[in-house]
Structures are given as structure tokens and as C-alpha cells.
Amino acid sequence: MTEHTDPTGVRIELDHVSKVYPGSKQPAVDDVSLDIPAGEIVVFVGPSGCGKTTTMRMINRLSEPTSGRILIGDQDALSIKPTELRRSIGYAIQQAGLFPHMTIRQNVGLVPGLLNWDRSRINDRVDELLDLVGLEPAQYADRYPRQLSGGQQQRVGVARALAADPPVLLMDEPFGAVDPITRSTLQDELLRLQGELRKTIVFVTHDFGEAVKLGDRIAVLGQQSKILQYDTPQNILASPADDTVAGFVGSGASLRQLGLLRVKDVALESRPSVHRDDSAEQVRSVIAGSDYDWAVVLDDRERPVSWVRETRLRHAASLSDAVEHLDVVSTQSTLEDALEAILAEQHASAVVTGPVGRYEGVVTLDTLIDTITRLRSEAGSS
Amino acid sequence: MTSNNSLWSALWTYVSTHYPQLLFDSYQHVSAVVQSVVIATVIGVVIGVLTYRNALAANLATTTSSVILTVPAFALLGLLIPLFGLGVIPSVTALVLYSLLPIIRNTIVGLNAVDPALTDAARGIGMSRFTTLTRVELRLVWPAILSAMRLSTQMSMGVLAIAAYVKGPGLGNLIFAGLARVGSPTALPMALTGTLLVVILALVLDVVLVLIGRLTTSKGIR
């Protein structure tokens with residue numbers, strides 16, 4: 001998906017980093033070492049108060065490490081003046097943190113302004129960024145933050161973080177304050193953006209589902225930012241390093257694994273198919289000649305349009321009187337989508353379409369259960 | 001009715017014959033108040049900015065300025081004579097001291113009420129402490145500072161009238177002179193004209209400040 005563009009991000013290395021707040025004996029972050037590869041989304045996930053935000057904030061020195069070294073690219077972050085360092089690192093926070101007295105244009109253009117870009121270049125960049133995050137510049141640029149919805153503000157927050165095209169983006173629960181549907185849209189958009197931009201993104205959240213969805217890698221953090229496990233979402237879901245991680249991954253782990261696999265990764269089963277021009281008699285004989293009591297109805301270009309069951313066909317004069325509405329999934333859909341479709345359909349399977357929407361076969365609940373079982377045994381053996 | 005009529009006509013006669021003097025005194029009065037409030041705003045905002053992050057210092061600043069405000073105007077002006085003598089300087093000093101409390105207090109309360117997420121965002125995108133203060137914090141606190149300025153202006157308009165006692169500028173001289181010659185036919189018109197002008201000018205200044213607020217406050221926070 002993202003393999004085709006070179007990363008514009010740079011590697012970040014945390015080298016035995018600790019943070020002790022003045023007047024506190026316990027370190028907030030205790031000896032953390034982490035290698036964040038260029039162009040990947042690394043999600044810090046952990047319970048609240050575990051120090052994940054502090055760990056992230058040390059990267060742009062909003063929190064000064066007490067000891068240890070932080071490398072961004074090949075530069076030592078502690079050797080760069082904090083304000084300059086922060087201008088080269090995008091920063092997006094919960095509830096966007098937009099300045100209410102500035103227009104959207106002014107908010108997004110802040111960092112380029114601090115970097116002394118000239119006005120016309122800033123304006124062009126703001127237009128480009130608003131387009132990028134899906135806000136029509138002519139419509140939104142001169143509005144004030146309070147005139148935007150929470151989701152739109154969050155988009156502006158991301159645009160502001162990207163303004164000076166920084167190689168690194170720090171995101172502190174940026175989608176924590178919006179409703180679940182908007183959050184899901186924003187997550188999809190972030191993934192789409194990242195597909196184009198390939199920044200190095202450090203993303204903090206306490207929502208493991210979000211971590212699985214967004215992360216190329218996930219760092220599961222415990223108290224004092226101790227790294228309990230640092231691996232791909234697949235591996236963490238399949239084999240949590242210890243009970244704490246397992247507890248955090250939660251009982252939804254199997255379901256989440258389905259969100260990581262696509263329909264094309266599993267074997268499809270076939271079900272009888274008929275064309276919508278066929279007579280009721282023809283369809284009855286096709287179903288009778290199969291092991292099933294229903295059939296997928298295709299149009300003349302082999303695309304599934306509806307389905308029909310034997311019981312309804314029995315008294316129907318023509319096929320069109322008996323067909324029922326059909327939702328399909330594509331080979332690109334996740335198995336989680338497929339599961340949803342299966343649960344919604346009365347024929348207990350999800351009809352799958354391939355390239356140009358042609359009928360490919362069906363996914364059944366049994367296929368999904370087999371897949372989960374296989375993943376578990378693979379994880380157990382590795 | 002008749003006495004009312006005669007009062008109005010006496011007032012009118014007084015105003016029309018002393019027109020240039022009244023205009024001059026009004027100008028002096030407004031000018032002194034505006035300058036005092038501007039000076040007090042600069043000092044008050046600086047004190048507020050320097051103290052708001054430290055609860056003790058902030059308390060000290062507000063308490064000191066509220067103690068000043070409780071000193072009666074006459075007493076304060078009298079106390080300033082040994083320091084500054086008579087005339088414009090002690091008058092303006094008194095006005096500045098009185099104006100400080102609302103401005104310091106609103107600045108401190110306002111700065112502390114700025115959403116920490118906003119100052120964090122400002123730092124996070126690479127604004128210096130000074131830039132954060134001037135481009136974010138003070139912009140957000142400006143409406144609160146402005147309403148303190150309105151309060152200070154209203155208060156100063158009245159206090160300056162008393163400053164005639166230390167030979168200060170403005171309409172107070174008219175009121176004092178009128179009160180000093182009670183019994184003479186011009187006494188009442190003089191004192192009344194001075195008082196009315198103070199009230200009218202105070203209202204005019206308030207309207208001007210409201211307009212300034214309209215023009216200088218971002219639409220995003222109005």
C-alpha cells in the first residue's frame with residue numbers, strides 16, 4: 001500500500017531516555033530505548049499516566065529528558081534550540097488546539113510564518129494543505145475555529161502540523177475528542193495521507209483498537225513508560241508478550257486480527273450463481289442441483305446485484321419477484337468488514353467481488369473461524 | 001416650574017458665555033484620564049504578565065493595588081503633594097494608581113484562564129515564550145483587559161474632578177470654584193455644568209472604548 005513511495009520521514013532513536021520531574025523520586029519515564037524507523041507510524045499505547053505522552057513530548061523537547069539521548073535523523077535533538085527543533089516537527093493534539101482568535105488560514109500558516117516564508121508562499125501552502133485534509137480552502141480558510149465542527153477542527157490541526165512539511169509528526173491523542181464515526185473517518189484519512197507522505201509519525205493513544213488500525217508498529221507501554229512489547233500489530237495481537245499486554249489487548253483481540261487481514265488473504269467458497277435474465281424455472285433447477293438453498297444473482301457483466309432463496313422462488317412467477325437486497329464486500333475489504341456483512345445477511349455469508357466488481361465467491365463464518373485458529377497456532381509456534 | 005426654568009436658563013447662559021473655557025477644561029479632563037488609563041494599562045499588563053504564573057506574586061500584586069483603591073481620593077492626593085507637589089503630576093499619579101487594580105486583576109485572571117492546551121500547542125509548534133505571550137495569550141485576554149480599562153476610565157473621570165484640590169487639570173476646577181461660592185448666582189450653574197460634563201464625557205469615552213473593542217477584538221473570540 002505504501003511501499004511505492006520513498007519515506008520523507010526520518011528515523012528517530014530514543015537512547016536510554018529517562019525523565020524525572022523535580023521533587024519526584026519515581027521517574028516518570030525510566031530508561032526507555034526505542035528505534036522508530038523512517039516513514040512508519042509508531043503508536044505508543046498504554047494506560048493513562050504511564051508516561052507515554054511524556055515520552056513523546058521529549059522528542060520535541062516540550063519535556064526535557066533528564067538523561068539519555070534522542071536522535072532525529074542523524075541530529076541530536078538536545079543540541080538543537082527547542083523552538084527551532086519544534087518548528088521542524090509537526091505537532092497535533094487532542095481537540096486540535098487551534099487558536100480561536102485566528103482564522104483557519106492564520107492557524108495553518110503559523111509555522112511557515114515563524115520560519116519567515118513570504119506571504120504568497122504561505123497562502124499557497126495553506127490552500128494546498130486544506131485541500132489535502134479535505135477542506136475546501138475558499139469555503140473554510142477565512143472562518144474561525146469555532147465555526148467548524150470538531151472533526152473539521154481536527155483536520156485543520158493536522159494541516160497545521162504538516163504546514164512546514166516536517167519529516168516527523170507527533171500526534172497526542174489527536175482524535176480522542178471526536179465522536180466514533182468522525183474518529184474512524186479521520187483515521188482513514190490519516191492513513192491515506194500517510195500513504196502519500198510517508199512521514200515518521202509518533203502517535204499516542206490509550207485506545208488499543210486505534211493503535212492496531214493506525215500503527216505500522218505498536219509500542220505497548222507500562223508504568224514509567226517501560227516498553228512491554230514493541231512489534232507489529234499482527235504479532236502483538238497473535239502473541240502478546242506477557243499477561244499485562246494480553247490484558248491490554250483485551251478480549252477483542254481475535255476480532256481485531258480480522259481487521260488486519262483482507263478478504264483476498266483467505267480462500268473463498270463458491271455458491272451457485274444465476275443471471276437476472278434467467279427464468280424462475282432455470283434458477284430453481286440451478287439451486288436444486290447444488291448443496292445450497294440460495295443463489296447469487298448476477299447482471300450481464302457478472303456483477304452480483306441481489307440474491308434469491310429457494311423458499312421465495314417456489315411461488316414466484318419470475319426471478320425479479322423473488323430477489324432480495326444484497327450487500328457485497330470486495331477482495332480489498334478487511335475480514336472484519338466481511339464478518340459484519342455475514343452477520344447482517346440472512347444467507348450467512350458475505351458475497352465477494354473482485355476487480356471491476358465481478359463475482360468471486362463468498363466468505364463464510366467457518367472461513368473466519370479457521371483463519372483465527374490458524375493465526376493462533378502460527379503465533380504459538382513462532 | 002419657574003425655579004426649574006430659571007435654573008436651566010442660568011445654566012444655558014453660563015454654558016454659552018463660558019464656552020471656550022468649558023471646552024478647554026473638558027479637553028484637559030479627558031486627556032488626563034485617557035493618558036492615565038493608558039499608562040496604567042501598560043504598567044498593569046506588565047505587572048500581570050510578570051506575576052500571573054506565581055500565585056504568591058499575583059496575590060501580592062492584586063492585594064497591593066486593592067489596598068491603594070481603598071485609600072480615599074482626597075487622602076491619596078494629599079499624600080502625593082509632598083512627593084510631587086501640585087498640578088498635573090500628582091493628579092495623573094493618583095489616577096494611574098486607582099486604575100491599576102482592575103487592569104492587574106483582569107490581566108492575571110485572564111492569563112490564568114487561557115486554555116493550557118493552547119499555550120502547549122503554541123510551544124509545540126515552535127513559538128518562543130515572548131511570541132506565545134504576544135500572539136496568543138494577550139490576544140485572548142485583550143477583551144478582559146479592555147473591560148478593565150472601561151471600568152478604570154469611568155472611575156478616573158470622577159476621581160480627577162477631586163484632583164482640582166491639588167490644582168489638577170480638568171472640570172474639577174469648575175465644580176470646586178462653584179462650590180466655593182455657594183450663594184452667588186453663578187455657583188450652581190458652575191458646579192452643575194462641571195458635574196454634567198464629567199458624566200456626559202464619561203459616557204462618551206465608554207462608547208469610544210466599546211467601539212475600540214469591536215475593532216480590535218478578533219471575530220473568533222467575540
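Mentor: D31(A) is found in strand β2 (residues 29-36) of chain A. Helices (H or I, at least four residues) and strands (E, at least two) are DSSP runs, numbered from the N terminus. This is a predicted model, where local features need pLDDT of at least 70 and side-chain atom pairs count only at pLDDT 80 or more, while totals for chains, interfaces and linings use all residues. Residues are numbered from 1 along each chain as its sequence is written, with chains lettered from A and ligands numbered from 1 in the order in which they are written.

Trainee: Why is D31(A) called partly exposed?

Mentor: A residue is buried if 20 or more other C-beta atoms, placed from the backbone, lie within 10 Å of its own, exposed if 12 or fewer, and partly exposed in between. D31(A) has 16 within 10 Å, so the label is partly exposed.

Trainee: What makes N116(A) count as exposed?

Mentor: N116(A) has 7 C-beta neighbours inside 10 Å and therefore counts as exposed. This residue is found in the loop between α4 (110-114) and α5 (119-132) of chain A.

Trainee: What is the phi of each?

Mentor: Phi is near 50° for D31(A) and near 60° for N116(A). Most residues other than glycine have a negative phi.

Trainee: Why do β11 and β14 of chain A stand at the edges?

Mentor: Four strands form an open, mixed sheet in the order β11-β12-β13-β14 (chain A). β11 (273-275) and β14 (324-325) of chain A each have a single partner strand, so one side of each lacks a neighbour in the sheet.

Trainee: How do you know that β13(A) and β14(A) pair?

Mentor: Pairing requires that DSSP finds at least two bridges between two strands. β13 (residues 304-309) and β14 of chain A have two bridges, in the antiparallel sense.
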